[in-house]
Amino acid sequence: MTCPYCNQPARFVDNAEIYGRRYGKSYMMWWCKPCDALVGTHHNNPDTPLGTMANKELRLWRRKAHAVFDPLWKSGKMKRKEAYRWLKEQTGKWVHMGESDIEICELVIKTVQQMKGTV
């Protein structure tokens with residue numbers, strides 16, 4: 001995998017190399033150390049990343065978007081697929097948080113906050 005920030009090859013590493021211990025069942029990830037860009041993988045398979053590589057700033061935005069969006073379906077008021085379908089109806093875009101850029105994360109946050117009346 002190539003780092004989208006520096007266009008250099010990323011390394012396929014055990015996440016313990018980054019975090020000091022293994023996290024999750026799928027603990028392997030792609031990492032560009034100079035850019036601190038990373039992405040986890042499904043089932044420790046280098047061919048199935050969980051999304052796109054993200055640097056520290058983008059990871060922060062993705063966490064913010066998840067924090068606002070996930071309660072919609074984790075509350076049990078709607079199923080996860082229904083929540084993503086609702087988000088698509090509101091934004092006109094199919095969203096996958098692990099593939100979202102900062103602009104999409106901001107849109108997700110704004111859309112959910114408007115629905116909740118917290119904007």
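A polar contact is a pair of N or O atoms within 3.5 Å; within protein, one must be able to donate a hydrogen and the other to accept it, and residues adjacent in sequence count only if both atoms are side-chain atoms. The model shown is predicted, so local features need pLDDT of at least 70 and side-chain atom pairs count only at pLDDT 80 or more, while totals for chains, interfaces and linings use all residues. Residues are numbered from 1 along each chain as its sequence is written, and side-chain values use heavy atoms, with hydrogens and water left out.

**View 1. The chain as a whole.** The chain contains five helices and three strands, which follow the pattern β-α-β-β-α-α-α-α along the sequence. Helices (H or I, at least four residues) and strands (E, at least two) are DSSP runs, numbered from the N terminus. The C-alpha trace spans about 40 × 30 × 25 Å along its principal axes. Of the 119 residues, 36% count as buried, where buried means under 20% relative accessible area, exposed over 50%, and partly exposed in between (1.4 Å probe, protein chains only). Among contacts (heavy atoms within 4.5 Å) between residues at least 6 apart in sequence, 36% join residues at least 24 apart.

**View 2. Helix α5 and its ends.** D101 caps the N-terminal end of α5, with a side-chain oxygen 3.2 Å from the backbone nitrogen of E103. The helix has 15 residues (102–116) and should span 21 Å at 1.5 Å a residue, which agrees with the 21 Å between its end C-alpha atoms; the expected span is 1.5 Å times one less than the number of residues. Just after α5, G117 takes a positive phi of about 75°.

**View 3. The buried side of α5.** The buried residues of this helix are I104, C105, V108, I109, T111 and V112. They cover an arc of only 165° around the axis, which puts them on the same side of α5; the arc is that of the directions from the helix axis to the C-beta atoms. An α-helix has 3.6 residues a turn, so residues three or four places apart point the same way. The buried residues of α5 pack against α2 (56–69), α3 (71–74) and α4 (80–91).

**View 4. The largest pocket.** The largest pocket has a volume of about 580 Å³. Of the 24 residues that line this pocket, the closest to its centre are M29, L38, V39, G40 and L50. Strands β2 (28–32) and β3 (37–40) and helix α2 each supply at least two lining residues, and α2 gives the most, with four. On a 1 Å grid over the protein atoms alone, a pocket is an open set of points where a 1.4 Å probe fits, with protein on both sides within 12 Å along at least five of seven lines; lining residues have an atom within 4 Å of a point. Grid points are joined across faces, edges and corners, and a volume is the space filled by probe spheres set on the points.

**View 5. V39 and its surroundings.** V39 is found in strand β3 and counts as buried at 5% relative accessibility. Leaving aside neighbours within four places in sequence, V39 is in contact with M1, M29, W30, P49, L50, G51, T52 and M53. V39 and T52 are 13 residues apart in sequence and 6.1 Å apart in space, C-alpha to C-alpha.

**View 6. H43 and N44.** Phi is near 50° in H43 and near 55° in N44. Most residues other than glycine have a negative phi. H43 is exposed, with a relative accessible area of 73%, whereas N44 counts as partly exposed at 22%.
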